[in-house]
Amino acid sequence: MNASSLALVGFEVDGWGRLLVMAAGLTLAAALCSFAVGGMLGTAGAVLKLSPVATLRWVGTFYTTVFRGIPEILVVYLFYFGGSLALTHLMHLAGFPGFFSLPSFVIGVLAIGLVSGAYQTEVYRSAYLRLDRGQVEAGLACGMGRVVLLWRIVAPQTLRFALPALGNIWQSVLKETALLSIIGLVELLRQSTIAAGATRQPLLFYGAAAFVYLVMGQVTGIGIRSVERHLSRCRGR
């Protein structure tokens, strides 16, 4: 790689470094929001699948079956086009003519979050089933309320069991944000494509994007493993 190539990915006047960093920040924000949405949906889905009510279990199973069975890119397309049509129809009913659409960031977060939530549902459900029932019964025998029992016994141990699998799901969510380039969100892959087309240096910018994805994945993975070790030490004490 020569000096002129390095200058293109640098922060000089003609460099694309600043735009790539901004796009990487947007990628990380989209991944974090999608993972958080998936966490909420995954918790709700796990509650549904663990419910003694057959109808609620069916709803949870339907959710995980659908969103784990459809390719992520198709979910993004369905939300992008279907969401725009639904919003436009609602606005027309309210008396506002024209075409309406949600921002690409919101659509992408919802789409990836729903897919992530389907996988997180199974992770939380499996983690809950690994709990030592004796501890739960002991907590109830000591007079713990349901909220205290959830906060002090059920939630920490469920999270500890779920964390290794959640780390894998996080890595998948981070990479899946690249799909949002197809709906116009200028995240890392989209910005790299723009830069590659403008400079006719596709290998340089796609290679830079791959490196940034790798760094983000490794750094966040270290954070997740640190939390996992911390929870393990707390259990030991």
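This note sets out numbered points on a predicted model.

1. Basis of the values. The model is predicted, and local features need pLDDT of at least 70, side-chain atom pairs count only at pLDDT 80 or more, and totals for chains, interfaces and linings use all residues. Residues are numbered from 1 along each chain as its sequence is written, and side-chain values use heavy atoms, with hydrogens and water left out.

2. Salt bridges. The structure holds two salt bridges, a salt bridge being a side-chain nitrogen of Lys or Arg within 4 Å of a carboxyl oxygen of Asp or Glu. Lys 49 is bridged to Glu 122, with 2.5 Å between the closest N and O atoms. This pair links distant parts of the chain, since Lys 49 belongs to helix H2 and Glu 122 to helix H5, 73 residues apart. Helices here are DSSP runs (H or I, at least four residues), numbered from the N terminus. Glu 122 also forms a salt bridge with Arg 125, where the closest N and O atoms are 3.1 Å apart. Glu 122 and Arg 125 are three residues apart in helix H5, so about one helical turn separates them. Through shared partners, the salt bridges join Lys 49, Glu 122 and Arg 125 into one network.

3. Accessibility is classed by relative accessible area (buried under 20%, exposed over 50%, partly exposed in between; 1.4 Å probe, protein chains only). Lys 49 is buried at 18%, and Glu 122 is buried at 13%. Arg 125, by contrast, is partly exposed, with a relative accessible area of 23%.

4. Surroundings of Lys 49. The side chains of Lys 49 and Glu 122 also make a polar contact at 2.5 Å. A polar contact is a pair of N or O atoms within 3.5 Å; within protein, one must be able to donate a hydrogen and the other to accept it, and residues adjacent in sequence count only if both atoms are side-chain atoms. Leaving aside residues up to four places away in sequence, Lys 49 touches Arg 57, Gly 60, Thr 61, Thr 64, Thr 121, Glu 122 and Arg 125, contact meaning heavy atoms within 4.5 Å.

5. The loop at Ser 51. Ser 51 is placed in the loop between helix H2 (17-50) and helix H3 (54-69). With 10% relative accessibility, Ser 51 is buried. Residues up to four places away in sequence not being counted, Ser 51 touches Leu 56 and Arg 57.

6. Aromatic pairs. A search of the whole structure finds six aromatic pairs. The rings of Tyr 77 and Phe 81 are stacked, because their centres are 6.0 Å apart and their planes stand at 20°. Rings of Phe, Tyr and Trp (its six-membered ring) pair if their centres lie within 6.5 Å; planes under 30 degrees apart count as stacked, over 60 as edge-to-face and the rest as tilted. Both Tyr 77 and Phe 81 lie in helix H4 (residues 72-93), four residues apart, about one turn of the helix. The rings of Tyr 80 and Phe 81 have centres 5.0 Å apart and planes at 75°, so this pair is edge-to-face. Tyr 77 is partly exposed at 33%, as is Tyr 80 at 26%, and Phe 81 is partly exposed at 49%.

7. The loop at Leu 102. Leu 102 lies in the loop between H4 and helix H5 (104-129) and is partly exposed, at 38%. Apart from residues up to four places away in sequence, Leu 102 touches Leu 87 and Ile 107.

8. Helix H8. The twelve residues of H8 (residues 188-199) should span 16 Å at 1.5 Å a residue, and the end C-alpha atoms are 16 Å apart, which agrees. The expected span is 1.5 Å times one less than the number of residues. Leu 188, Gln 191, Ser 192, Ala 195 and Ala 196 are the buried residues of H8. Seen down the axis, they fall within an arc of 135°, so they line one face of the helix; the arc is that of the directions from the helix axis to the C-beta atoms. The face turned away from the buried side carries the exposed residues Gly 197 and Ala 198. At the N-terminal end, Glu 187 caps H8, with a side-chain oxygen 2.9 Å from the backbone nitrogen of Leu 189. H8 is followed by Arg 200, whose phi is positive, near 60°.

Conventions:
Helices (H or I, at least four residues) and strands (E, at least two) are DSSP runs, numbered from the N terminus.
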